[in-house]
Amino acid sequence: MARMILLTTLSILVLAVSCSFAGAADGARLKLATTTSLQDTGLLDLIKEKFDEKYNVSLDVVSGGTGIAIQYGERGDVDVLLVHDRERELKFIKDGQGLERRCIAYNYFYIVGPKDDPAGIKGLNASRALAAIMEKGQKSSETVKFVSRGDNSGTHSREKLLWKKAGLNYSLVNSSGPWYIDAGQGMGATLNLANEKQAYTLSDMSTFMAYRGNLTLVPLIEGGNDLLNVYVAMAVNPAKHPGVNCALASQFINFLVSDEGQDLIAGYGIDKFHRSLFSPARGNCTLIGCSAAECASPTAASCAAA
Amino acid sequence: MQEIWNGFLRAIDLIITLNPQVVEITTRSLFISLSSAFLAALICVPLGGLIELRRFRGKDALVNLIQTLYSLPTVTVGLIVFLLISRTGPLGSFGLLFTPSGMIIGQAILVSPIMIGLTITALAAVSVQIKDTAKSLGATEMQIIAVVIKEARQAVVAAVLLGFGRALSEVGVAMMIGGNIRGYTRVLTTSIALETSMGNLELSMALGMILISISLIINMLLNRIQGR
């Protein structure tokens with residue numbers, strides 16, 4: 001009996017091994033750490049499909065907030081990053097951790113909330129809206145609540161920036177009462193939570209659109225420079241981390257800024273959401289605060305020089 | 001309630017039609033957890049035998065410690081293994097992070113205490129006479145351990161299966177070490193976490209049902225072995 005079980009177990013093992021390796025790609029692997037919005041909306045699945053096919057590689061996508069993605073980069077655990085937090089990106093480049101910062105796409109953040117807008121933020125600018133939510137929330141946390149990502153992501157960074165612009169100290173905001181809910185989760189889960197609690201939250205436009213079907217929340221504040229959301233690709237510096245695949249990372253960034261990549265980004269979501277979820281950076285570089293060089297193809301030489 | 005029922009129906013549909021995505025994730029899950037259980041068993045069963053047979057100071061304390069580690073939090077193991085195999089860690093040069101191999105190592109570490117502990121318990125139940133007889137016939141220590149393990153094989157197999165069950169159902173190591181990469185390190189538990197956070201509750205239910213079914217099979221095997 002025991003022998004039979006052992007044999008069965010072993011044969012399942014052998015079967016499983018052969019199955020799992022039969023389907024594996026034999027090309028190189030490129031490790032990408034990305035912010036959740038590009039993954040959860042499905043855009044990266046499309047990009048992966050095209051990129052894998054074109055270069056016979058396998059793009060391995062690890063999805064998390066911008067905070068953890070940049071940390072993976074700093075540890076040399078991934079080859080390339082897709083993130084959206086300008087300050088941390090610039091620091092990453094300045095510290096010599098990254099190369100080839102390229103703006104690839106943009107859209108806007110939304111402040112979303114219950115349809116009846118209990119804090120009356122409609123028509124305000126983003127930072128004033130947050131201040132209004134806090135003021136009403138402190139008075140009556142039953143009716144006015146705000147859910148924060150609270151996970152060091154790019155969206156969380158932007159929220160903190162908006163509090164700062166409103167003249168408020170974030171750590172005080174964070175601990176000022178039950179109206180402020182620290183979710184500590186990704187954008188999708190945060191939206192679901194905000195929906196359950198009929199609370200306000202800050203969301204990138206694309207994730208909100210992708211989840212809209214399950215939500216009763218509506219966008220109350222959209223557009224404006226305060227809510228501009230720029231997605232950026234960076235290669236991890238091989239001089240700091242000898243294990244990373246800089247050549248393939250550059251190739252990936254090249255693919256993203258190429259016409260083919262920009263067309264993929266521009267067209268994504270039209271069939272499903274009747275509008276594109278991301279605008280390509282191409283042609284809008286100045287508008288989104290990127291230099292011309294930051295929209296151009298990376299030079300292949302920079303990996304070798306590093 | 002409607003949601004649970006729909007999820008249940010969808011789950012059955014996905015399983016019966018052998019949905020490629022579901023099959024792929026299930027196969028990978030089985031492969032990774034079986035490999036980790038196999039790897040752990042290779043090390044833990046002889047090690048358990050050694051601990052059981054030898055007499056040394058602090059043996060009771062060691063066994064106590066091992067038993068405490070049965071409930072080792074999976075995220076803690078995940079974190080420690082992450083720090084070890086991350087590029088900046090001591091084993092970074094092997095590039096194991098975000099690979100199935102890394103997951104196998106992590107899960108093997110996770111289930112080691114259970115396997116060692118249960119092996120010790122299993123071998124302790126073997127009568128002293130068998131050990132003494134083997135010894136008097138001139139067996140080496142390794143030979144004695146082999147004889148005792150053979151004698152207690154059912155309980156040892158049960159220990160290994162239990163370890164396999166824990167590896168299969170854990171999510172901490174799989175998420176932190178594997179990174180939940182689609183088509184590469186995505187397994188049943190990490191899929192459930194992801195699909196739930198994305199609101200695809202029916203698919204989550206389906207994957208959850210598969211996980212429970214596998215656990216059920218393991219449990220039936222365990223009962224079968226122990227009932228003999």
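1. A word on terms to start: the domain bounds used here come from an automatic or database domain assignment. For chain A, that assignment gives domain 1 (27-107 + 229-305) and domain 2 (108-227). The C-alpha centres of these two domains of chain A lie 27 Å apart.

2. Please keep in mind that this is a predicted model: local features need pLDDT of at least 70, side-chain atom pairs count only at pLDDT 80 or more, and totals for chains, interfaces and linings use all residues. Residues are numbered from 1 along each chain as its sequence is written, while chains are lettered from A and ligands numbered from 1 in the order in which they are written.

3. Now to the meeting of the two domains. In chain A, 18 residues of domain 1 are in contact with 17 residues of domain 2 (contact: C-beta atoms, placed from the backbone, within 7 Å). On the domain 1 side, helix 2 (36-40) and helix 4 (66-75) of chain A are the elements that give two or more residues; helices (H or I, at least four residues) and strands (E, at least two) are DSSP runs, numbered from the N terminus. Helix 2 of chain A supplies the largest share of that side, three residues.

4. By class, this domain 1 side of chain A has four nonpolar, eleven polar and three charged residues. Ala, Val, Leu, Ile, Met, Phe, Trp, Tyr, Cys and Pro count as nonpolar, Asp, Glu, Lys and Arg as charged, and the others, Gly among them, as polar.

5. Between chains, 25 residues of chain A are in contact with 26 residues of chain B. Helix 1 (2-22), strand 2 (58-64) and helix 9 (187-197) of chain A each give two or more residues to the chain A side, and the largest share, eight residues, comes from helix 1 of chain A. That side of chain A has twelve nonpolar, eight polar and five charged residues.
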